[in-house]
Amino acid sequence: MPTKHDHHGHGHGHGHAVGPESDRRYLLGALGLIVTFMAGEVVVGLVANSLALISDAAHMLTDASAIVLALTAMRIAARPARGAYTFGWKRAEIISAQINGATLLLLVAYFAYEGVHRLLEPSEVIGPLVFVTALIGVLVNAVATWLLSRANRESLNVEGAYQHILNDMYAFIATAIAGLVVWLTGFQQADAIAALVVAALMAKAAYDLLRESGRVLLQASPGHLDPDEIGSLLARQPAVVEVHDLHVWAVTSGYPTLSAHVLVEPGSDCHRVRLALAELLKERFDIDHTTLQVDPGGPEADPAQAVPRQHCPDPHGPRHRGGHS
């Protein structure tokens, strides 16, 4: 009767020197800077009648929301696995990233509409006020970006907040240029053009966040891992006859997971093969959490089939065959 041999690697950290407490401190520091400046920017934006400044302030509001979401998700994700939640609440980080990306897309739609409207019907903008405020915004966002760059950006949760703030810094640079142009030339549409630049930057950040978090939610393999390459490598190892039912996915960012059914030559030591494969996966692909079912591939297997029927009547995905049988 075939037996199942499992290997579970532990210590599933991100491979990063920064711990959760340090991450929280950096996020809280950035949050304080952003909220303080945002409050003043809303007032200045209304006084200067600048869509670019108001769009920047709205972007900063999403920055603050992104950080609050990140902090909340971080706390939820730290809950231990228990009951029905066998992986704990680690996917909370990915949901947070999805919310951040969706929020950015909504803002893109609004500011693209307003920007086009102001291009067609320009409003009077106080250039010097926009220029000075935007320069201060560049400085504030540069400090906030530096703080978040020191946190663990392998987490899509932290990366989502980081991308919000980094894009906001670029947006302030565009706004400062627009304010200077309005100030020196009187070209009022420069403010609307800056708002459209902000919208384009936000759209890029939203796309990246939604794509990466969507891959995790759909249980696609992490972008840097090729299941076919992994399966072929495992099948080439000594005593391995075939690898099938190979699944590679991420529970959350920085947490790659693999499971597979491995058939070995009759008489092989299944336990020793399993340990060797698990060690190979850890060293070559940095996959710590593996579940490998290792069984002898008996000689009674039909040559037209890669495995005896009793092992796996309906294997998922391709079969990777070795050359040792």
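**Note on the predicted model: helices, sheet and cores**

1. Of the chain's 325 residues, 48% count as buried (buried means under 20% relative accessible area, exposed over 50%, partly exposed in between, with a 1.4 Å probe and protein chains only). This is a predicted model, in which local features need pLDDT of at least 70, side-chain atom pairs count only at pLDDT 80 or more, and totals for chains, interfaces and linings use all residues. Residues are numbered from 1 along each chain as its sequence is written, and side-chain values use heavy atoms, with hydrogens and water left out.

2. Overall layout. The chain has eight helices and four strands (DSSP runs numbered from the N terminus: helices are H or I of at least four residues, strands E of at least two). Along the sequence the pattern reads α-α-α-α-α-α-α-β-β-α-β-β. Among contacts between residues at least 6 apart in sequence, 76% join residues at least 24 apart (contact means heavy atoms within 4.5 Å). The chain exposes about 15,500 Å², and carbon and sulfur atoms supply 62% of that area (Shrake-Rupley method, 1.4 Å probe; for residues, only the protein chains shown count as cover).

3. The cores. The largest nonpolar core has 28 residues (such a core is a set of buried Ala, Val, Leu, Ile, Met, Phe, Trp, Tyr and Cys residues joined through side-chain atoms within 4.5 Å). Leu 27, Ala 30, Ile 34, Met 60, Ile 67, Leu 148 and Ile 165 have the most contacts inside this core. Helices α1 (20–48), α2 (51–77), α4 (127–149) and α5 (156–185) each supply at least two of its residues. The most comes from α5, with eight residues. Another core, of 23 residues, lies apart from it; Ala 239, Val 240, Val 248 and Ala 260 are among its members.

4. The sheet. Four strands form an open sheet in the order β3-β2-β1-β4, with mixed pairing (two strands pair if DSSP finds at least two bridges between them). The edge strands are β3 (289–296) and β4, each pairing on one side only. Strands β1 and β4 run antiparallel and are joined by two bridges. One of the pairs is Glu 242 with Arg 321 of β4.

5. Val 248 has Leu 258 of β2 as its bridge partner, and Trp 249 has Thr 257 of β2. Five residues separate the strands of the hairpin, and Gly 254 in the turn has a positive phi of about 75°. Strand β1 is mostly covered, with 10 of its 11 residues buried.

6. Helix α7 against the sheet. This helix lies across β1, β2 and β4 and runs at about 150° to β1 (axes are lines fitted to C-alpha atoms, for helices over the stretch in contact, and angles run from 0 to 180 degrees between N-to-C directions). Which residues of α7 (227–235) are buried? They are Ile 230, Gly 231, Leu 233, Leu 234 and Ala 235. The buried residues of α7 pack against β1 (240–250), β2 (256–264), α8 (270–285) and β4 (320–321). At the start of α7, a side-chain oxygen of Asp 226 comes to within 3.0 Å of the backbone nitrogen of Asp 228.

7. Asp 295 lies in strand β3. Its relative accessible area is 0%, so Asp 295 counts as buried. A polar contact of 2.7 Å joins its side chain to that of His 261 (a polar contact is a pair of N or O atoms within 3.5 Å; within protein, one must be able to donate a hydrogen and the other to accept it, and residues adjacent in sequence count only if both atoms are side-chain atoms).

8. Leu 275. This residue sits in helix α8. Is Leu 275 buried or partly exposed? Its relative accessibility is 41%, so Leu 275 counts as partly exposed. Leu 275 and Leu 292 are 17 residues apart in sequence and 9.3 Å apart in space, C-alpha to C-alpha.

9. Backbone points to check. Gln 219 is not a glycine, yet has a positive phi of about 60°. Gln 219 is found in the loop between α6 (189–217) and α7. With 48% relative accessibility, Gln 219 is partly exposed. Asp 286 also has a positive phi, near 60°, in a residue other than glycine. Asp 286 lies in the loop between α8 and β3. Asp 286 is exposed, with a relative accessible area of 56%.
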